[in-house]
Amino acid sequence: MKPYPVLVEWVDACDWSPAEWVDLEPLESGHATGCDVITVGWLVQKSKRALVLALSISEAMDGRGLFVVPTACVTKITRLKPHA
């Protein structure tokens, strides 16, 4: 596939208690959620299991800074148009 720029909204695991005591009420009432994340990059691969994004793409179509997001965590993908 030819890479194209995207903005990906997804949910990641997060640490609710950074080594301190926390109220367990949100967990008991079902209000615990993951952390919402927004990542911008070049979509270089898309499968049923994951998206692979590159931070940068060269003119020779080499990628740098590859990052994998499981598709089960993705809530929205927006295709972007690069400015020339």
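**Exercise 1. Describe the order of the secondary-structure elements.**

The protein contains 1 helix and 5 strands. Helices (H or I, at least four residues) and strands (E, at least two) are DSSP runs, numbered from the N terminus. This is a predicted model, in which local features need pLDDT of at least 70 and side-chain atom pairs count only at pLDDT 80 or more, while totals for chains, interfaces and linings use all residues. Residues are numbered from 1 along each chain as its sequence is written, and side-chain values use heavy atoms, with hydrogens and water left out.

Solution. Read from the N terminus on, the elements follow the order β-α-β-β-β-β.

**Exercise 2. Compare the dimensions of the protein with those of a compact globule.**

Solution. Step 1: for 84 residues, a compact globule would have a radius of gyration near 12 Å. This rule is 2.2 Å times the number of residues to the power 0.38, and the radius is taken over C-alpha atoms. Step 2: the protein itself has 17 Å. Step 3: along the principal axes, its C-alpha atoms fill a box of roughly 50 × 25 × 25 Å.

**Exercise 3. Identify the largest nonpolar core and the elements that supply it.**

Solution. Step 1: a nonpolar core is a set of buried Ala, Val, Leu, Ile, Met, Phe, Trp, Tyr and Cys residues joined through side-chain atoms within 4.5 Å. Step 2: the largest one has 8 residues, namely Tyr4, Val6, Val8, Trp10, Leu43, Leu51, Leu53 and Val69. Step 3: strands E1 (4–12) and E3 (50–57) are the elements that give two or more residues to this core. E1 gives the most, with 4 residues. Step 4: in soluble globular proteins, nonpolar side chains tend to be buried together. Step 5: leaving aside neighbours within four places in sequence, Leu43 is in contact (heavy atoms within 4.5 Å) with Met1, Lys2, Pro3, Tyr4, Val6, Leu51, Val52 and Leu53.

**Exercise 4. Where does Cys14 lie, and which residues does Cys14 touch?**

Solution. Step 1: Cys14 is placed in the loop between E1 and helix H1 (25–28). Step 2: Cys14 counts as partly exposed because its relative accessibility is 31%. Step 3: not counting residues up to four places away in sequence, Cys14 touches Thr33, Gly34 and Cys35. Step 4: Cys14 and Thr33 are 19 residues apart in sequence, with a C-alpha to C-alpha separation of 8.6 Å.

**Exercise 5. Locate Ile57 and Met61.**

Solution. Step 1: Ile57 belongs to strand E3, and a relative accessible area of 23% makes Ile57 partly exposed. Step 2: beyond residues up to four places away in sequence, Ile57 touches Pro3, Trp42, Val44, Asp62 and Gly63. Step 3: Met61 is found in the loop between E3 and strand E4 (63–70). Step 4: phi of Met61 is near 65°, a positive value in a residue other than glycine.

Conventions:
Buried means under 20% relative accessible area, exposed over 50%, partly exposed in between (1.4 Å probe, protein chains only).
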